[in-house]
Amino acid sequence: MQTIIKRNHPVFVDFFKNRKDFDCALLGSLGFSTRCIQTKTGYSKSQITYRLHKCSVRRSDYRDGISPVSKMVIQQTANVAPKYLKKKIRQLLQE
């Protein structure tokens, strides 16, 4: 008896038509971990790595503060983050 192996057809990566592909690139550009991206998209580690490579996203660039997205985040949070941090430090020091 011969076993029939069902093979999946290759799925092309399309960041504009496939929302999960776009979400993978977006979360990667925001520096999120592979595990986080897996839970949001359902992709495997290798699928995530492949998609991030395809769109030239390097999460280390975000963490280093040199990616365009990280610069936008820093700019947008420049007024809010210091206030929050000072409040948090005061709370910790009072405990």
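This briefing describes how helix α1 packs against helix α3 and what surrounds that contact. The model is a predicted one. Helix α1 spans residues 19-29 and helix α3 spans residues 45-54, and the two pack at an angle of about 75° with their axes 9 Å apart. Because angles from 65 to 115 degrees count as such, α1 and α3 are described as roughly perpendicular to each other.

**The contact between α1 and α3**

- On the α1 side the contact is made by D21, C24, A25 and G28, which meet I48, R51 and L52 on the α3 side.
- By residue class, this contact of α1 with α3 divides into four nonpolar residues, one polar residue and two charged residues.
- An α-helix has 3.6 residues a turn, so residues three or four places apart point the same way.

**The nonpolar core**

- The largest nonpolar core has seven residues, namely C24, L27, I37, Y43, I48, L52 and V57.
- Helices α1 and α3 each supply at least two residues of this core.
- L52, one of the core residues, touches C24, A25, G28, V57 and R59 when residues up to four places away in sequence are not counted.

**R51, a charged residue in α3**

- R51 lies in helix α3, and because its relative accessibility is 6%, under the 20% limit, R51 counts as buried.
- Leaving out residues up to four places away in sequence, R51 touches V13, F15, D21, C24 and Y43, and of these D21 and C24 also belong to the α1 side of the contact with α3.

**Helix α1 and its two ends**

- The buried residues in α1 are D21, C24, A25, L27, G28 and S29, and what covers the buried residues of this helix includes α2 (34-41), α3, α4 and α5 (68-77).
- At the start of α1, a side-chain oxygen of N18 reaches to within 3.0 Å of the backbone nitrogen of K20.
- Just after α1, G31 takes a positive phi of about 85°.

**D64 in α4**

- D64 is placed in helix α4, which covers residues 59-64, and because its relative accessibility is 56%, over the 50% limit, D64 counts as exposed.
- D64 and G31 are 33 residues apart in sequence, while their C-alpha atoms are 9.8 Å apart in space.

Definitions and conventions
Residues are numbered from 1 along each chain as its sequence is written. This is a predicted model: local features need pLDDT of at least 70, side-chain atom pairs count only at pLDDT 80 or more; totals for chains, interfaces and linings use all residues. Side-chain values use heavy atoms; hydrogens and water are left out. Axes are lines fitted to C-alpha atoms, for helices over the stretch in contact, and angles run from 0 to 180 degrees between N-to-C directions. Helices (H or I, at least four residues) and strands (E, at least two) are DSSP runs, numbered from the N terminus. Angles under 35 degrees count as roughly parallel, over 145 as roughly antiparallel, 65 to 115 as roughly perpendicular and the rest as oblique. Contact means heavy atoms within 4.5 Å. Ala, Val, Leu, Ile, Met, Phe, Trp, Tyr, Cys and Pro count as nonpolar, Asp, Glu, Lys and Arg as charged, and the others, Gly among them, as polar. A nonpolar core is a set of buried Ala, Val, Leu, Ile, Met, Phe, Trp, Tyr and Cys residues joined through side-chain atoms within 4.5 Å. Buried means under 20% relative accessible area, exposed over 50%, partly exposed in between (1.4 Å probe, protein chains only). A polar contact is a pair of N or O atoms within 3.5 Å; within protein, one must be able to donate a hydrogen and the other to accept it, and residues adjacent in sequence count only if both atoms are side-chain atoms.
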